[in-house]
Amino acid sequence: DVINAGSELKHSDDGIAGHFLFSQKPGQPTLLVGRVTGLEPGEHGFHIHQYGDLSNGCESAGPHFNPDGVDHGDATEGHVGDLGNITADENGVAEINMILRRVDLSGDRSVVGRAIVVHADEDDLGQGGDEESLKTGNAGDRVGCGVIRLSESLDEIFAYGLDLPANQYGQPDYSKPMEFIGSLVKSGLDRIAVLKHIRDKYEISARSARGLYDLWQRTEGAFV
């Protein structure tokens with residue numbers, strides 16, 4: 001079965017807000033989509049931290065999740081919690097769409113119950129040449145954080161704006177829309193026609209339809 005999880009930024013600087021959705025099928029990488037608003041334009045370090053303890057704001061989330069005890073790096077090597085950078089546009093909005101091949105939502109290396117953190121500065125991905133670079137990437141202050149929790153409803157999906165159907169447990173289910181989009185593309189329809197079919201079938205906005213189509217392109221069949 002697909003495992004779904006979500007997170008919402010709860011402890012953030014004024015004006016910063018964000019929602020994140022995780023989804024993983026057994027034996028497959030984890031899909032992460034999300035949106036952060038209110039950021040300074042540019043690059044911002046983006047990590048999963050060890051603890052879901054936000055009793056002292058983002059500081060009590062501890063260091064990056066690093067079960068292998070290695071130096072800081074990027075989403076392909078380094079800490080499991082190293083997700084690289086997200087990019088905020090001129091309006092301070094960062095759209096997130098990642099395939100995370102080292103992140104799991106179950107088992108002894110699960111990130112569920114840990115914290116997702118957005119930083120003030122760009123992550124140097126361990127290439128900064130100093131000791132702090134090998135720990136944090138010199139990503140600066142923690143401007144927003146939230147606990148990653150298993151999704152029990154569609155609340156996080158609706159908050160982000162992707163009106164996906166639910167599976168039999170009432171959880172967001174990516175598999176059906178991914179299969180549907182794949183069948184449309186294989187039938188020879190162009191992108192504009194595919195987007196129209198997505199909007200009509202799921203009764204969603206053009207923006208959400210584009211988001212689903214982009215997810216299909218990035219997953220390369222991971223959810224089919």
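The following legends describe close-up views of a predicted model.

Residues are numbered from 1 along each chain as its sequence is written, and side-chain values use heavy atoms, with hydrogens and water left out.

**View 1. The open sheet β8-β4-β3-β1-β11.** Five strands, paired antiparallel, make up this open sheet in the order β8-β4-β3-β1-β11. β8 (94-100) and β11 (149-150) each have a single partner strand, so one side of each lacks a neighbour in the sheet. Strands (E, at least two residues) and helices (H or I, at least four residues) are DSSP runs numbered from the N terminus, and two strands pair if DSSP finds at least two bridges between them. Strand β1 (residues 3-8) is joined to strand β3 (residues 17-24) by six bridges. Within this antiparallel pair, Ala5 lies opposite Phe22 of β3.

**View 2. The open sheet β2-β10-β9-β5-β7.** A five-stranded open sheet with antiparallel pairing has the order β2-β10-β9-β5-β7. Its edge strands, β2 and β7 (82-88), each pair on one side only. Strand β2 (residues 11-12) meets β10 in an antiparallel arrangement over two bridges, where Ser12 has Gly144 as its bridge partner. Strand β9 (residues 115-119) is antiparallel to β10 and joined to it by five bridges. Ala115 stands opposite Val147 of β10, and His119 has Arg142 as its bridge partner in β10.

**View 3. The disulfide of Cys58 and Cys145.** One disulfide, defined as a pair of cysteine sulfur atoms within 2.5 Å, is found in a search of the whole structure. The sulfur atoms of Cys58 and Cys145 are 2.1 Å apart, and the link is left-handed, with -95 degrees about the S-S bond. It connects distant parts of the chain, 87 residues apart: Cys58 belongs to strand β6 (residues 55-58) and Cys145 to strand β10 (residues 142-147). Cys58 is buried at a relative accessible area of 8%, and Cys145 is buried at 0%. Buried denotes under 20% relative accessible area, exposed over 50% and partly exposed in between, for a 1.4 Å probe and protein chains only. Five of the six residues of β10 are buried, leaving this strand mostly covered.

**View 4. The largest nonpolar core around Ile86.** A nonpolar core is a set of buried Ala, Val, Leu, Ile, Met, Phe, Trp, Tyr and Cys residues joined through side-chain atoms within 4.5 Å. The largest has 26 residues, and those with the most contacts inside it include Phe20, Leu32, Phe46, Ile86 and Val118. β3, β4 (30-37), β5 (42-49), β7, β8 and β9 each give two or more residues to this core, with the largest share, four residues, coming from β8. Beyond its neighbours within four places in sequence, Ile86 has contacts (heavy atoms within 4.5 Å) with residues including Val36, Leu39, Phe46, Ile96, Met98 and Val118. Another core, of 17 residues, lies apart from it and has Leu31, Phe180, Val194 and Leu195 among its members.

**View 5. Helix α3.** The 12 residues of helix α3 (residues 191-202) should span 16 Å at 1.5 Å a residue, and its end C-alpha atoms are 17 Å apart, which agrees; the expected span is 1.5 Å times one less than the number of residues. Val194, Leu195, Ile198 and Tyr202 of α3 are buried. These residues cover an arc of only 100 degrees around the axis, which puts them on the same side of α3; the arc is that of the directions from the helix axis to the C-beta atoms. Glu203 follows α3 and has a positive phi, near 50 degrees.

Note on methods:
Predicted model: local features only at pLDDT ≥ 70, side-chain atom pairs only at ≥ 80, totals over all residues.
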